[in-house]
Amino acid sequence: MGTSRSHHPPFVDLLLSIATLLIFHHAPFPANALSSIPTSTIASDLYVVPNLAPRVAIVTGASRGIGRGIALELGRAGMTVYVASRSSRSTGFLSDERAHGEDDSDLTVEGTAEEINTRAAMDPGGGGGIAGMGWAIPVPVDVSNDDELADLAARVRMECGRLDVVVCSAFTTPPNLPGSSFRDDFWRQGAEIWDACHGVGLRGSYVTCCECVPLMIETAKNHKTRPLIVIVSSFGGKSYTFNVAYGVGKAGADRLASDMAVQLSKHNVDTVSLYPGIVRTEGNVEMEKRGEWNAASGGLDLSMGESPRFTGRAVASLLANAELTEKRSGNVVVVAELARELGFTDVDGRTPASIRNLKFILPGIVFPQIEKTRGTSLPGWIKDNVPDYLLPWFVFSGGPPPVSD
C-alpha cells in the first residue's frame, strides 16, 4: 500500500476523496458518460517560427537543459544569441553535477552555438527558421563571477549595440545531492544547497540583470522596441517542491521579476517569471534510464513532460508579441498555459498540460495514488475523460504534492 511521506495540499486530498468515492462506490459509468468533456489529442506541430531578426539575446545556462532549448529556438527565429554557460571546450570545464547520456556528450556553449549556426546555414526557410539570419556566439561565463557578467554585457554592447532579451536560466545544485537526497530535510542538506540555489539561480540572475539593463533601456529608446527579461523559475515558487532552499529560491526569482518590472516600466523594458512544467532535460532523461527519476521527482511521470525547446518557443512567442509582454510584465507566465493561449505546440505536436491543470494532476498524481492504494486499475472512461480545468493559484498553492513510498 502506498503511503505519503509528507502532507498533501488540500486540493489533492479533496480530489483523492472525490475520485475514490466516485470510482469505488458507484456503478461503472458507460464509456460515453463524460463525452461532453474535451479529451486531449495529439496534433501535428502547429508552431510558426516568428521572425525576430535582427534582435539580440543573452541566454545563461545555455549549454544544456532548458537554457539550451531556449537558445536553440531563439536562434531558429533569426536572433543573434550569446550562448553563455560555464561548460566550454575552450576552458576545459564541463559540469558534472548531473549525469547525462552518451548521446549528449557535447553539452557546452560551443555545442549549442554550433547547432544553431548549422541549422541557420542549412535551413531553406520553408517551415524552418529564418534562413541565414540566426547566429550564435559561444561565451564561457560563470554567473557567480560578477566580472565575467560585466564583460559579457560589455561585449554585447561593443559587438551589437543592442540587447533585446536576457534569459536567466543558469541553475546549479550540489553534486553530492543526487536522487532522493534532493528532497531531504533542510537541516540535513545544510548551507551547501542554499548557496548553490541562491548563489547561481537567484544572485546570478540579479547581477546578470544589473549588468544588462542599461543596454536594454538604450535599446528600447533607440529601436522603439520592448526588451524582455525572462527569469526561468518554476512551480516551486508557488507551492512546496523538492526542498526548502529550492522553493525559497524560486519564490525569490518570482519576486525579482515582479519588483524589477516596477522600476523598468517607465523605460519600456518588460520582465516575466517563466514556469516550465516537468521538462525532459538531458539529466532527467538519464535519471529515468538509470531508474532514479521516481525517487528524485516523487513519482512524477516524465512521459507527460515537455521538451526544453517548448520553453524556447514560449520565449520566442512572447518576443513576437510586445503588447502581451507589456500586459504580463512582472507576472508569472506558465509555458503550457501560454501555448494554449497562443496556439503553439511542443516539437512533437503535443500541447502538454499545465501542472495546475486537472489533466496533469489527475493522471499524474491522483489516479496513480488511487490505483496503488486500491490495487486495481481505474476504468477507462475515467482516464479518458479528464476535465480540462486550471486550478486557481490560491487553490494550487499549498503543501507538498503526495509522494508514494
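This tour moves through one protein model, stop by stop, and states what to select at each.

**Before starting**

The model is predicted: local features need pLDDT of at least 70, side-chain atom pairs count only at pLDDT 80 or more, and totals for chains, interfaces and linings use all residues. Residues are numbered from 1 along each chain as its sequence is written, and side-chain values use heavy atoms, with hydrogens and water left out.

**The whole protein**

Display the protein as a cartoon; its secondary structure comes to 15 helices and 7 strands. Helices (H or I, at least four residues) and strands (E, at least two) are DSSP runs, numbered from the N terminus. Of the 405 residues, 53% count as buried. Buried means under 20% relative accessible area, exposed over 50%, and partly exposed in between, with a 1.4 Å probe and protein chains only. Contact means heavy atoms within 4.5 Å. Among contacts between residues at least 6 apart in sequence, 77% join residues at least 24 apart.

Two packed helices are described by the angle between their axes and the distance between the axes. Axes are lines fitted to C-alpha atoms, for helices over the stretch in contact, and angles run from 0 to 180 degrees between N-to-C directions.

Select residues 191–223, helix α6, and residues 244–264, helix α7. Their axes are 9 Å apart, at an angle of about 15 degrees; α6 and α7 are therefore roughly parallel to each other. Angles under 35 degrees count as roughly parallel, over 145 as roughly antiparallel, 65 to 115 as roughly perpendicular and the rest as oblique. Next, show side chains: the residues of α6 that meet α7 include Trp194, His198 and Tyr206, and those of α7 include Tyr246, Leu256 and Met260. The residues of this contact divide into 15 nonpolar, 4 polar and no charged. Here Ala, Val, Leu, Ile, Met, Phe, Trp, Tyr, Cys and Pro count as nonpolar, Asp, Glu, Lys and Arg as charged, and the others, Gly among them, as polar.

**Either side of α7**

Select Phe242, in the loop between β5 (228–232) and α7. Its phi is near 70 degrees, a positive value in a residue other than glycine. Phe242 is partly exposed, with a relative accessible area of 23%.

Then select Asn268, in the loop between α7 and β6. Its phi is also positive, near 60 degrees, and at 36% relative accessibility Asn268 counts as partly exposed. Most residues other than glycine have a negative phi, and most peptide bonds are trans.

**Thr271**

Proceed to Thr271 in strand β6 (residues 270–275). At 0% relative accessibility, Thr271 counts as buried. A polar atom of its side chain lies 2.6 Å from the backbone oxygen of Ala257. Leaving aside neighbours within four places in sequence, Thr271 is in contact with residues including Leu228, Met260, Arg328 and Asn331.

Select α10 (residues 308–319) and α12 (residues 335–342), which pack at an angle of about 55 degrees with axes 10 Å apart. That angle makes α10 oblique to α12. The contact is made by Phe310, Thr311, Ala314, Ser317 and Leu318 of α10 and Val335, Ala336, Leu338, Ala339 and Leu342 of α12. These residues divide into 8 nonpolar, 2 polar and no charged.

**Last stop: Pro54**

Finally, select Ala53 and Pro54; the peptide bond from Ala53 to Pro54 is cis, with omega near 0 degrees. Pro54 lies in the loop between α1 (10–24) and β1 (56–60).

Technical notes:
A polar contact is a pair of N or O atoms within 3.5 Å; within protein, one must be able to donate a hydrogen and the other to accept it, and residues adjacent in sequence count only if both atoms are side-chain atoms.
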